[in-house]
Amino acid sequence: MDDTKIMDEPSQDLKEDAGARMFGSNKLVNKPKDKIVVDDDFKIKDINNNNKIQYCFQYINGKYVTPNSGKYFDNKNPATNKVISRVACGDKTDVENAYKAANKALPEWKALTPEKRGSYLIKMADELEKRKNEFAMLESRDNGKPAWLALLVDVSGAVKMLRQHAGACNHETSESVVGRPDAMHMVQYAPIGVCGIITPW
């Protein structure tokens, strides 16, 4: 399969829902009056339902969990200023819980062959590609970008990135440094391990 072109002609619904009138989501922090409980089998369904505000929880140790603070960001559609989701506001305790869970899982993950690790990335790419229109619409509602552009750049780019890294797993290389005529040093790159990282978005 040629994965360099995965985008079909944007549907009329995608074109009509461009909604790119302003940037940013005007996010606020709030704490729901009622305690939020996450079921063990929780899954976000119908992600583009305009009549329902979705709660985006944290995913730690193989489960969706509520934030320690109980606070959520109001995520608004910049085209309508309507809240489309509430995103968990993590704190130091949540990062520590995630770190401990990831650190515990690291030995098992580390023991997997590169091919096996790559297969998980390919599976993610396949699932994302199946739902590309759905995620493009969500991206448009989330930040105001035209849905056809989200489909062309963001979603298809994510699919290609996952496939690229899956392939890179099978092509690990090393370097050598010649210090003197009778000696050669091998350079090996190894992951630093589990990290808690704050990304720009």
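This is a predicted model: local features need pLDDT of at least 70, side-chain atom pairs count only at pLDDT 80 or more; totals for chains, interfaces and linings use all residues.
**View 1. Helix H4 meets helix H5.**
This close-up shows H4, which covers residues 132-143, packing against H5, which covers residues 147-168. Their axes sit 8 Å apart, and the packing angle is about 115 degrees. Angles of 65 to 115 degrees count as roughly perpendicular, so that's the label for H4 and H5. As for handedness, H4 and H5 make a right-handed crossing. Which residues of H4 do the touching? They're Lys132, Asn133, Phe135, Ala136, Glu139 and Ser140. Over on H5, their partners are Ala147, Ala150, Leu151, Asp154 and Val155. Sort the residues of this H4 and H5 contact by class and you get 6 nonpolar, 3 charged and 2 polar.

**View 2. Helix H3 runs alongside H5.**
The axes of H3 and H5 come within 8 Å, and they cross at roughly 160 degrees. Anything over 145 degrees counts as roughly antiparallel, so H3 and H5 get that description. The crossing of H3 and H5 is left-handed. On the H3 side, the contact uses Gly118, Leu121, Ile122, Met124, Ala125, Asp126, Leu128 and Glu129. H5 brings Val155, Ala158, Val159, Leu162, Arg163, His165 and Ala166.

**View 3. A look into the second largest pocket.**
This pocket has a volume of about 950 Å³. Its lining is made up of 22 residues, and the closest to the pocket's centre are Leu106, Trp109, Lys110, Arg117 and Pro191. Which helix gives the most? That's H2, with 6 residues in the lining. By class, the lining of this second largest pocket has 16 nonpolar residues, 4 charged and 2 polar.

Methods:
Residues are numbered from 1 along each chain as its sequence is written. Side-chain values use heavy atoms; hydrogens and water are left out. Axes are lines fitted to C-alpha atoms, for helices over the stretch in contact, and angles run from 0 to 180 degrees between N-to-C directions. Helices (H or I, at least four residues) and strands (E, at least two) are DSSP runs, numbered from the N terminus. Angles under 35 degrees count as roughly parallel, over 145 as roughly antiparallel, 65 to 115 as roughly perpendicular and the rest as oblique. A crossing is left-handed if the near helix is turned anticlockwise from the far one by less than a right angle, and right-handed if clockwise. Contact means heavy atoms within 4.5 Å. Ala, Val, Leu, Ile, Met, Phe, Trp, Tyr, Cys and Pro count as nonpolar, Asp, Glu, Lys and Arg as charged, and the others, Gly among them, as polar. On a 1 Å grid over the protein atoms alone, a cavity is a set of points where a 1.4 Å probe fits but cannot get out, and a pocket is an open set with protein on both sides within 12 Å along at least five of seven lines; lining residues have an atom within 4 Å of a point. Grid points are joined across faces, edges and corners, and a volume is the space filled by probe spheres set on the points.
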